[in-house]
Amino acid sequence: MRYRSLERLTIIFSWLTGLLLLSAVCLLLGYLFIKGYQSVNLTLVFGDASPLRAILLQERVFNGLFPAIVGTLVLVLLSVFWAIPIGMATGIYLAEYANPRTKRVLDAFFDVLSGIPSIVIGLFGFAFAVFLHKHYSDRIGPCLLISSIALSFLVLPYIIRTTQASLEGIPRETRLTALALGATKFQNIFLVLIPRSLTGIMSGIILAIGRCAEDTAVIMLTGAVASTGLPRSIFAQYEALPFYIYYISSQYADRAELMQGYGASIILILLCAALFSVAYGIRKGLTHFALYRP
Amino acid sequence: MKRYRELIAERAFLLSALTSSAITVAILAFMVFMGLPLLKQGGLYQLLFKPWAPFQGSFGIYPMIIGTGAISLLSLLFAFPLSLGCSFLIGSIAPQSVSKWFRRLIELMTGIPTVIYGFVGVFLLVPIVRELFGSGSGLCILTAALVLGIMITPTMTLFFCDSFDRIPKAYLDAADALGASPVQKLLYVILPAAKHGMINGVILSLGRAVGDTLIALMLAGNSVRVAESVLEPARTLTAHIALVIAADYESPEFRSIFACGVVLYLFTMAVTFLVRYLTFSKDQTV
């Protein structure tokens with residue numbers, strides 16, 4: 001009898017917690033969308049400038065989110081551009097070349113790296129920028145380049161892990177076929193194993209992009225500012241969506257600015273949801289698509 | 001020629017692996033290097049156990065360590081039962097179609113940016129807490145811990161689900177063959193077998209909670225005093241780094257945030273090695 005009631009309690013408890021989490025998420029998203037949906041329109045993004053001219057960079061946008069969106073996009077692209085080659089090569093080394101002992105040691109390093117709080121990586125980036133400023137050139141300070149390098153450190157473990165896992169997941173038969181036909185190890189990796197595991201690697205890269213797009217702690221230390229317009233060069237400061245949201249939440253002056261904060265939040269959340277769905281879709285299906293080589 | 005190319009490729013892969021691991025070391029080395037002058041001046045004790053009072057020349061990070069501990073442990077207290085229930089639901093209690101759908105939702109939740117949690121917390125939860133308890137501004141340990149708890153719940157749930165998934169299928173088949181109901185299977189077979197994995201999940205989630213910056217920065221009130229109750233504001237190590245960064249480069253204030261960085265780094269390192277040790281020792285016994 002006592003066991004019966006324990007079982008019944010467990011069932012009730014589980015459904016309750018499920019409902020609670022569900023309602024928390026609905027509250028979070030519902031609040032955001034109900035309060036902010038009116039502010040999502042072209043004026044939010046482009047302000048008073050005409051959208052077409054703004055996109056063609058003929059007109060500066062002063063009171064819209066366009067510079068922040070562009071800043072985030074450039075930042076994300078730069079970060080994954082640094083992280084992909086090193087991350088993939090490291091993943092390949094771990095999966096294909098490293099002997100078990102080296103692998104254990106390197107694994108420990110990357111576990112630590114993936115656990116480091118983003119603010120610590122941001123602090124590192126900031127201190128590094130200051131160091132460069134003092135010892136090499138006055139022109140270098142916290143900037144887009146430093147931010148993107150720091151962010152690439154943050155997402156490096158994602159790319160290493162997904163590359164390694166999808167390479168290790170390839171069955172033995174596939175792994176040995178090309179070798180048996182006389183291919184070298186290098187040819188085997190590049191012509192057989194990498195194409196086979198491209199889907200896994202891609203989903204890792206997209207998760208890394210999502211992480212870059214949402215992270216605020218790193219960029220607030222390494223060069224994101226509230227208003228500067230479009231980034232002029234990679235040695236300049238820039239605007240970014242998540243930083244803008246943080247800034248608005250603490251410094252908003254009037255209702256219009258607050259509404260822009262809501263709008264920015266909705267745009268950011270849609271962006272992250274889209275990236276996440278793409279990563280999920282790639283992992284699920286599309287295998288034939290990635291396997292196709294012209 | 002061919003052999004030459006093979007060799008270059010292998011060296012290149014090795015080089016990137018070494019570079020990536022060098023980054024891990026470089027971050028710690030840089031933190032220690034920057035924080036060292038302060039350590040030499042005042043000593044470790046001064047730094048770790050003295051209050052933060054820059055005008056009296058005291059740059060201790062003790063209040064921040066307490067703040068971090070309070071907020072992350074309290075958030076774990078909220079998140080643990082929630083995650084436990086949700087992982088039960090996914091693991092065996094809910095019907096297949098519901099659990100698949102629920103799991104996808106939770107995976108999607110891990111992708112919600114932290115700054116969004118903070119933003120909604122500031123405008124939705126802070127006024128509620130202020131009204132409900134009628135004291136202070138509503139920016140307090142409780143608010144931050146609640147939001148942080150919601151934020152780490154999806155991650156923790158997925159850790160739990162993963163450890164459920166790793167249970168050998170033979171165990172589950174045996175329970176099914178004996179006519180166990182889903183909840184019986186869960187309580188008497190899955191839960192005891194997945195215990196180690198779940199402990200790892202809790203430790204890793206604690207690491208996440210400690211490492212988060214934005215929620216504590218936006219919701220905890222950032223007071224440098226040691227809080228006496230959960231309704232008082234507090235400051236975490238992560239938020240402290242973000243707040244002090246603007247100061248002068250050579251000042252002891254600025255040096256002290258590297259001490260925060262080192263503490264956070266060492267903590268994550270401890271978490272990582274603890275989890276690795278637990279996993280490894282379990283692999284040995286099975």
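Helix H10 of chain A, residues 198–214, has 17 residues and should span 24 Å at 1.5 Å a residue, which agrees with the 24 Å between its end C-alpha atoms. The expected span is 1.5 Å times one less than the number of residues in the helix. Helices (H or I, at least four residues) and strands (E, at least two) are DSSP runs, numbered from the N terminus. H10(A) is mostly covered, with 15 of its 17 residues buried. A residue counts as buried if 20 or more other C-beta atoms lie within 10 Å of its own, as exposed if 12 or fewer do, and as partly exposed in between, with C-beta atoms placed from the backbone.

The model is predicted: local features need pLDDT of at least 70, side-chain atom pairs count only at pLDDT 80 or more, and totals for chains, interfaces and linings use all residues. Residues are numbered from 1 along each chain as its sequence is written, and chains are lettered from A and ligands numbered from 1 in the order in which they are written. The average pLDDT of chain A (the predictor's confidence in each residue, from 0 to 100) is 85, and 95% of the residues score at least 70. Over residues 286–294 of chain A, pLDDT stays under 50, and the model has eight contacts beyond four places in sequence for this segment. Where pLDDT is low, the predicted coordinates should not be read in detail. Two residues are in contact if their C-beta atoms, placed from the backbone, lie within 7 Å.

Chain A contains 14 helices and zero strands. Its C-alpha atoms fill a box of roughly 75 × 70 × 40 Å, taken along the principal axes. Of the 294 residues in chain A, 46% are buried. Among the contacts in chain A between residues at least 6 apart in sequence, 74% join residues at least 24 apart. A:Ile92 is buried, with 27 other C-beta atoms within 10 Å. A:Ile92 and A:Ile189 are 97 residues apart in sequence, while their C-alpha atoms are 8.4 Å apart in space. Neighbours within four places in sequence aside, the contacts of A:Ile92 are A:Thr163, A:Leu167, A:Ile189 and, from the other chain, B:Phe13.

Chain B has eleven helices and two strands, in the order α-β-β-α-α-α-α-α-α-α-α-α-α along the sequence. The C-alpha atoms of chain B fill a box of roughly 75 × 70 × 35 Å along the principal axes. Buried residues account for 46% of the 286 residues of chain B. Of the contacts in chain B with a separation of 6 or more, 72% are between residues 24 or more positions apart.

H10(B) is largely enclosed by the rest of the structure, because six of its eight residues are buried. These buried residues are B:Leu237, B:Thr238, B:Ala239, B:His240, B:Ile241 and B:Ala242. B:His240 has 27 other C-beta atoms within 10 Å. With neighbours within four places in sequence left aside, B:His240 is in contact with B:Ile61, B:Met64, B:Arg235, B:Ile257 and B:Cys260. B:His240 and B:Thr153 are 87 residues apart in sequence and 25 Å apart in space, C-alpha to C-alpha.

The loop between helix H9 (214–219) and helix H10 (237–244) of chain B holds B:Asn222. B:Asn222 is not a glycine, yet has a positive phi of about 60 degrees. Most residues other than glycine have a negative phi. B:Asn222 counts as partly exposed, with 19 C-beta neighbours inside 10 Å.

The largest nonpolar core has 172 residues, and those with the most contacts inside it include A:Ala208, B:Ile141 and B:Leu219. A nonpolar core is a set of buried Ala, Val, Leu, Ile, Met, Phe, Trp, Tyr and Cys residues joined through C-beta atoms within 7 Å. Helix H5 (residues 141–165) of chain B supplies the largest share of this core, 16 residues. Beyond four places in sequence, B:Leu219 touches residues including B:Val122, B:Leu139, B:Ala144 and B:Val147.

Between the chains, 63 residues of chain B are in contact with 65 residues of chain A. On the chain B side, helix H1 (residues 2–49) contributes the largest share, 18 residues. The chain B residues that touch chain A comprise 40 nonpolar, 18 polar and five charged. Here Ala, Val, Leu, Ile, Met, Phe, Trp, Tyr, Cys and Pro count as nonpolar, Asp, Glu, Lys and Arg as charged, and the others, Gly among them, as polar.
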